[in-house]
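Hi everyone, thanks for coming. I have one structure to walk you through today, so let me put it on the screen.

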Amino acid sequence: MSQGSMILKLISLPISLILICLGIMTILGGHITPGGGFQGGAMIASGVILSILVYGLGNSPLEFSHAYIEVFESIGALGFIIFGLIGLFVGGFFLYNVGTDLLNIVPSTIQNVFHYPDVTNAGIIPYLNIFVGLKVFVGLSAIVIAFVGFKKINEESE
């Protein structure tokens with residue numbers, strides 16, 4: 001099924017792993033550098049997509065089951081919603097940054113729980129980047145997996 005040459009198969013896995021590591025770095029540093037959850041999630045997805053396109057859907061070393069995709073998509077969505085609701089209930093606004101509390105309306109005990117241990121004190125922004133990165137990574141990967149799967153089914157029927 002896969003049409004990748006031996007050279008492509010030899011270099012695509014290391015390149016995929018480098019893209020995944022760069023995406024993780026972009027997500028984790030997104031609150032102080034350009035980038036963040038969306039860009040990092042797209043970079044991680046590009047590593048997975050490269051592997052799928054070169055090796056094929058069933059032979060890819062970075063293979064994801066439907067349950068894996070479903071769990072990570074749910075974690076990303078629920079995490080974002082939970083942090084939004086925490087801000088709504090504690091600060092009065094959806095996605096209120098309870099870690100920095102610019103309006104001084106959050107009790108210090110709650111503020112210390114969400115205080116991100118960084119000199120820039122970004123509050124909940126790094127955590128939101130992680131959840132957005134998960135959501136984007138899984139969403140883009142699932143789209144490509146579906147397209148490759150539909151192509152495989154279409155070729156088998158012909």
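Let's start with E73, which is partly exposed because its relative accessibility is 25%. For that scale, buried means under 20% relative accessible area, exposed means over 50%, and partly exposed is what lies in between, with a 1.4 Å probe and protein chains only. Before I go on, a word on where this comes from: it is a predicted model, where local features need pLDDT of at least 70, side-chain atom pairs count only at pLDDT 80 or more, and totals for chains, interfaces and linings use all residues. Residues are numbered from 1 along each chain as its sequence is written, and side-chain values use heavy atoms, with hydrogens and water left out.

So, which side chain does E73 meet in a salt bridge? The partner is K135, at 2.4 Å from N to O. The pair links distant parts of the chain, 62 residues apart, with E73 in helix α3 (residues 66-91) and K135 in helix α5 (residues 125-157). K135 counts as partly exposed too, since its relative accessible area is 31%. By salt bridge I mean a side-chain nitrogen of Lys or Arg within 4 Å of a carboxyl oxygen of Asp or Glu, and the structure holds 1 of them. Helices here are DSSP runs of H or I with at least four residues, strands are runs of E with at least two, and both are numbered from the N terminus.

Now the aromatics. Rings of Phe, Tyr and Trp (its six-membered ring) pair if their centres lie within 6.5 Å; planes under 30 degrees apart are stacked, over 60 edge-to-face, and the rest tilted. That rule gives 4 aromatic pairs. Take Y68 and F72: their ring centres are 4.6 Å apart and the planes sit at 55°, so this pair is tilted. Both residues lie in helix α3, 4 residues apart, which is about one turn of the helix. Y68 is partly exposed at 32% relative accessibility, and F72 is partly exposed at 25%. Then there are F93 and Y96, with centres 6.0 Å apart and planes at 40°, so that pair is tilted as well. Are these two buried or exposed? F93 is partly exposed, at 46% relative accessible area, while Y96 is buried, at 9%. Finally, F83, Y127 and F131 form one aromatic cluster.

Over to the surface. I7, L8, L10, I11 and I15 make up a nonpolar patch with about 490 Å² of accessible area together. Patch residues have over 30% relative accessible area and no salt bridge; like charges are joined within 9 Å, and nonpolar side chains (Val, Leu, Ile, Met, Phe, Trp, Tyr) within 5 Å. The areas come from the Shrake-Rupley method with a 1.4 Å probe, and for residues only the protein chains shown count as cover. I11 sits in helix α1 (residues 6-28) and is partly exposed, at 41%.

Let's zoom out. The protein chain has 5 helices and 0 strands. Its radius of gyration is 19 Å, well over the 15 Å that the globule rule gives for 158 residues, so the chain is more spread out than a compact globule. That radius is taken over C-alpha atoms, and the rule is 2.2 Å times the number of residues to the power 0.38. The C-alpha atoms fill a box of roughly 65 × 30 × 20 Å along the principal axes. Of the 158 residues, 39% count as buried.
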